[in-house]
Amino acid sequence: MNRQQAQTLRSLMFVPATSPQFIEKAHTRGADGIIVDLEDSIAPAMKQQARAALGAAVRAIAAHGLPVFVRVNNDPALLRDDLDAAVQAPIAGVFLPKAEDPAQIAEVAGWLSASEAAHGVAAASTSLVLLLESPLAIHQAGALARSHARVIAFGFGSEDYATLLGVRPTLEAMRMPAYSLALAARAHGLAAWGLAGSIGEFSDLDLFRAMASTARDAGFTGSISIHPKQVAVLNEVFGVSAAEAQEAAEIVAAFDQALAEGKAAVAFKGKMLDIPVVERARQVVEKAKRASA
């Protein structure tokens with residue numbers, strides 16, 4: 001998956017590699033992508049079993065046409081073997097948790113290159129999603145975005161970030177780091193996935209919607225999720241409504257008609273249109289077309 005494709009994903013849902021019932025139903029949940037997890041949802045004693053199950057899990061989900069990512073363990077005892085197993089599956093990319101050192105990103109990219117060569121996988125075909133989960137990671141997000149060409153997206157690990165900061169992952173507490181992450185990601189052409197708040201919230205969907213909406217307004221392009229209930233909210237918040245698509249199309253049509261008539265000033269519903277407004281409208285029209293394709 002490349003950077004442009006990554007920015008079209010509104011929702012990604014985690015499923016544990018060792019849960020056949022979740023794997024079997026993953027494609028029915030409505031998410032734009034699935035993340036098969038080897039990290040937090042897997043008990044320490046089950047890590048080897050999860051890695052062994054990875055290939056079959058990824059292939060089962062990918063068979064339904066969904067892009068599948070793998071979250072590996074950023075642990076020296078597990079990381080390289082996790083990466084090697086992930087490369088052998090038909091994945092869209094690897095989620096690297098606790099990313100905060102650009103030098104490590106370059107090292108991981110080198111390991112991916114070695115695994116691709118060893119298993120006959122196309123060179124540089126395995127993309128990287130960096131999970132920023134610490135104050136240090138947020139502080140040097142720009143350097144992480146520039147760390148390697150394989151990086152296509154940032155994910156915000158709000159739970160770990162809040163724990164390291166000694167605060168609760170409320171909307172207000174997570175607003176600043178979320179804005180910082182989105183700014184760095186979008187400045188470097190990356191997708192930005194996450195919430196301005198706790199990803200663990202699935203009972204209060206109004207609160208979840210507010211956290212997702214704040215992230216969208218900060219520049220996030222979508223979000224990761226842990227529960228099927230969250231997916232529909234994410235698809236709505238990060239998608240394009242029929243009303244938004246219609247208004248955007250009307251803006252584009254009004255502007256193009258005015259240009260065809262040789263007019264420099266264009267009025268639309270009581271407001272003057274300028275180039276940035278029209279360009280945003282064109283982006284909305286294209287986004288709506290992709291969603292309906």
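Leaving aside neighbours within four places in sequence, which residues is phenylalanine 220 in contact with? In this predicted model, the contacts of Phe220 include the aromatic residues Phe156, Trp193 and Phe238. Phe220 also touches Ala178, Leu181, Ala182, Ala192, Gly194, Leu195 and Ala215.

Phe220 belongs to the largest nonpolar core, which has 84 residues. Four members touch the most others: Phe69, Phe154, Trp193 and Phe220. Helix H9, residues 171-187, gives the most to this core, with seven residues. A second core is separate and holds eleven residues. Among them are Val252, Ala258, Leu273 and Val278.

Serine 11 was examined next. This residue lies in strand E1, which spans residues 11-16. Serine 11 counts as buried because its relative accessibility is 0%, and the cut-off for buried is under 20%. Its side chain makes a polar contact of 2.6 Å with the side chain of asparagine 235. Beyond its neighbours within four places in sequence, serine 11 is in contact with Gly30, Ala31, Asp32 and Gly33, among others. Its contacts also include Ser223, Val231, Leu234 and Asn235.

Asn235 is itself buried, in helix H11 (residues 228-237). Buried in H11 as well are Gln230, Val231, Val233, Leu234 and Val237. An α-helix has 3.6 residues a turn, so residues three or four places apart point the same way. The cover over the buried residues of H11 includes strand E1, helix H10 (205-218) and strand E8 (223-225). Serine 11 is part of E1, and its contacts include Val231, Leu234 and Asn235.

Terms used
Residues numbered from 1 in each chain as written. Predicted model: local features only at pLDDT ≥ 70, side-chain atom pairs only at ≥ 80, totals over all residues. Heavy atoms only, no water. Core = buried A, V, L, I, M, F, W, Y, C linked by side-chain atoms within 4.5 Å. Buried < 20%, exposed > 50% of the residue type's maximum accessible area, 1.4 Å probe, protein only. Helix = DSSP H or I, 4+ residues; strand = E, 2+ residues; numbered from the N terminus. Contact = heavy atoms within 4.5 Å. Polar contact = N/O pair within 3.5 Å; in protein donor to acceptor, adjacent residues only side chain to side chain.
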